[in-house]
Amino acid sequence: MISPINSVSVNFKNNDDAKSKNILYAKDTLLENNFTNRTRIGFDKFTNALTLYPAKGLKGSKNANFYEFLTMGTVPYVVGSLMLISVFNSANKFFAPLARSKAGAIGRKIALGVLFYGILKSFTKSLVTVPVKLITGVDTDVPYAKVNYELPDDINDTDITSIEYHKAYESKEFPRWDLFYKSEAKGEKRNEYYDNIAKKLGYGENLNDSDQEIKPVIRKIATRTDMAKILSSYFWAATGVAYAFQNPWEDYFNVATLKFWKFDKFKHSLKILKDSALKSAIELYRGPKNATGWAKYAGKVMIGAAALSSVLGVINAVHVKKPSKYGVDDVIDKNGRYLVN
């Protein structure tokens, strides 16, 4: 005997329903690329990677997907960084006093190097994406919220939506072009986004089909920008590690404290932190005292390579072939005679 199939109804809500029922998004929504949204998205993804996504995977949920698997990759990255720091600092208490002092200095620099590596690798990408946006109008990091309608895990389950955060240009073959069109029903110009980019790139104004003409150009810009920001971020991350290993940081480590309730000591440690940061930057650029040969110029080369990678990446990304300044009327004489065989 064949058992009947229980039907499941899925209601696709409009924006008004979403607001009335406190639903975050009712449909795929383009988000503004600002600090608040980036922070909120990062926090949401990281907390879900620690709690919700592993639980769904371990219980074999049919709604677990590849996005959740990739998002959970941030967890081993953080755990691995903490383990790397711990390996070089946890055993110091078992050493003799002199060895403990030397090992502690190296361990603290390694911890600082891990911290600077992560910070510079993340934040220096904007050294490429921001200039590209200013020059071309194309923000390759613009995020959007994707609404998924999941299968219910229980017959009484009514909350079957999940939110994923993507970037509109993360797929170069299938970007989310649809999210950039304006609503004509609201009195907006449908191709306004593409018109603005066409104007910035020198393609002219009031084009008949600006979206069709500009989309291939945007795809090239997005591809080159992604390549540039990845390459340059690793150069900057390596520079951050070198910066962490400069000798002046030891002055801060000797007085460092997080006991802010001991205000005088905490204030003094912040002052030394500022001085150590500045002196370390100078030492990285100039080289250690009494340094000769390659050691004297290694810092300059590293900083220069990182800066050059960002500059060249931006130049390559914004270099697009400008449209010909000659139109049909410039090359065809309408008053001329034509011969048809």
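Quick caveats, then. This is a predicted model, so local features need pLDDT of at least 70 and side-chain atom pairs count only at pLDDT 80 or more, while totals for chains, interfaces and linings use all residues. Residues are numbered from 1 along each chain as its sequence is written, and side-chain values use heavy atoms, with hydrogens and water left out.

Okay, the overview. The chain has 13 helices and three strands, taken as DSSP runs numbered from the N terminus (H or I, at least four residues, for helices; E, at least two, for strands). Of the 341 residues, 33% are buried, and buried means under 20% relative accessible area with a 1.4 Å probe, protein chains only. Take the contacts (heavy atoms within 4.5 Å) between residues at least 6 apart in sequence: 63% of them join residues at least 24 apart.

Now for some helix pairs. Two packed helices are described by the angle between their axes and the distance between the axes. Here the axes are lines fitted to C-alpha atoms over the stretch in contact, and angles run from 0 to 180 degrees between N-to-C directions.

First up, α2 (residues 35-50) and α5 (residues 74-87): their axes come within 9 Å and cross at roughly 85°. That makes α2 and α5 roughly perpendicular, the label for 65 to 115 degrees. On the α2 side you've got Phe46, Ala49 and Leu50, meeting Thr74, Val75 and Val78 of α5. By class, that contact of α2 with α5 is five nonpolar residues, one polar and no charged; Ala, Val, Leu, Ile, Met, Phe, Trp, Tyr, Cys and Pro count as nonpolar, Asp, Glu, Lys and Arg as charged, and the others as polar.

Next, α9 and α11 (residues 263-286). They pack at about 115° with axes 9 Å apart, so α9 and α11 are roughly perpendicular too. Thr239, Ala242 and Tyr243 of α9 touch Ala277, Ser280, Ala281 and Leu284 of α11. That splits into five nonpolar, two polar and no charged residues.

Last stop, α8 (residues 192-200). Which of its residues are buried? Tyr193, Tyr194, Asp195, Ile197 and Ala198. Their cover includes α7 (126-136) and α9 (210-244). And just after α8, look at Gly202: it takes a positive phi of about 85°.

Technical notes. Angles under 35 degrees count as roughly parallel, over 145 as roughly antiparallel, 65 to 115 as roughly perpendicular and the rest as oblique. Buried means under 20% relative accessible area, exposed over 50%, partly exposed in between (1.4 Å probe, protein chains only).
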